[in-house]
Amino acid sequence: MESSTLDYLKKESDRELLRKRAKKMALQTSLENSASENVAGGSDYVFFRLGPDVYGLETSIVKEVMIPEDIVAVPCTPDFHLGVLSVRGHLWAVIDMCKFLGIREGLEFENPGVVMLSGGESEFCIAVDEILGVSRIPEGELKALPKGDGRISEYSLGVTDDRKIVLDGEAFLQDESLIVNEFVGSDI
């Protein structure tokens, strides 16, 4: 009986030793990864397509991406406001970025994807033709977008060598022209 108890204790101490080693190695690996990311610099962006062009927004302001079942139109709103979307009981305004930025008449598809932006007090969705995924852009790779490209230059952080336009999501979130706060009807 003593022998089996000692064997069990030895196995248990071996397991604990292996657990500690695994934890230490995992910590070292994660520290090495974060150090290499900091050395490489850059940021992660969610990329999406509006017509033929590819755009990106920093992941820090993107709360979620999805393809909604239904966007409900709201009367008496600007033409760039597609409507509202209910996500887990919360209503989100949906903005057509093509119309807002003056890129095109509107989206290519009737059932667009949405990128949900959130920061500070402001949150809304932007409708996109296609959600492409997340990619890292190394620090220093963004080039300034030439001025005069319409309204888009106001909201641009830059353009990559492969012609992806990175948008300033914080500027969208702080833009009061995207807020619809009007009453329609008579005074009572």
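Q: Let's start with the hairpin of S1 and S2: which residue takes a positive phi there?
A: Gly51, with phi near 65°, in a hairpin that has two residues between the strands. Strands here are DSSP runs of E with at least two residues, helices are runs of H or I with at least four, and both are numbered from the N terminus. This is a predicted model, where local features need pLDDT of at least 70, side-chain atom pairs count only at pLDDT 80 or more, and totals for chains, interfaces and linings use all residues. Residues are numbered from 1 along each chain as its sequence is written, and side-chain values use heavy atoms, with hydrogens and water left out.

Q: How many bridges do S1 and S2 pair over?
A: Six, in the antiparallel sense. Two strands pair if DSSP finds at least two bridges between them. Arg49 has Val54 in S2 as its bridge partner.

Q: And which residue in S8 does Phe48 stand opposite?
A: Ile131. S1 and S8 are paired antiparallel over seven bridges.

Q: How many residues of S1 are buried?
A: Six of its eight, so S1 is mostly covered. Buried means under 20% relative accessible area, exposed over 50%, and partly exposed in between, with a 1.4 Å probe and protein chains only.

Q: Switching to the open sheet: what's the strand order?
A: S3-S6-S7-S5-S4, five strands with mixed pairing. S3 and S4 are the edge strands, each pairing on one side only.

Q: How do S6 and S7 pair?
A: Antiparallel, over seven bridges; S6 covers residues 113-119 and S7 residues 122-128. Leu117 has Phe124 in S7 as its bridge partner.

Q: Leu117 again: which residues have the most contacts inside the largest nonpolar core?
A: Phe48, Leu57, Phe100, Leu117, Ile126 and Phe172, in a core of 27 residues. A nonpolar core is a set of buried Ala, Val, Leu, Ile, Met, Phe, Trp, Tyr and Cys residues joined through side-chain atoms within 4.5 Å.

Q: Which elements each supply at least two residues of this core?
A: S1 (43-50), S2 (53-58), H2, S6, S7, S10 (164-167) and H3 (169-174). The largest share comes from H2, with four residues.

Q: On to rings: how many aromatic pairs are there?
A: The count comes to six. Rings of Phe, Tyr and Trp (its six-membered ring) pair if their centres lie within 6.5 Å; planes under 30 degrees apart are stacked, over 60 edge-to-face, and the rest tilted. One of the pairs is Phe80 and Phe100, edge-to-face at 5.1 Å centre to centre with 70° between the planes.

Q: What does that pair tie together?
A: Parts that are 20 residues apart in sequence, because Phe80 lies in the loop between S3 (62-66) and S4 (81-87) while Phe100 is in H2 (residues 97-101). Phe80 and Phe100 are both buried.

Q: Why is the pair of Phe100 and Tyr155 called tilted?
A: Because the planes are at 55°, with the ring centres 5.7 Å apart. This pair links distant parts of the chain, 55 residues apart: Phe100 in H2, and Tyr155 in the loop between S8 (130-137) and S9 (156-159). Tyr155 is buried, as is Phe100.

Q: Which residues do ring pairs link into a cluster?
A: Phe80, Phe100, Tyr155 and Phe172.

Q: What lies over the face of Phe47?
A: Lys164, at 4.7 Å from the ring centre. A charge sits over a ring if NZ of Lys or CZ of Arg is within 6 Å of the ring centre and within 35 degrees of the ring normal.

Q: Is Cys98 buried or exposed?
A: Buried, because its relative accessibility is 0%. Cys125 counts as buried at 0% too.

Q: Last one: where is Arg88, and what's its phi?
A: Arg88 is in the loop between S4 and S5 (90-96). Its phi is near 50°, a positive value in a residue other than glycine. Arg88 counts as exposed because its relative accessibility is 69%.
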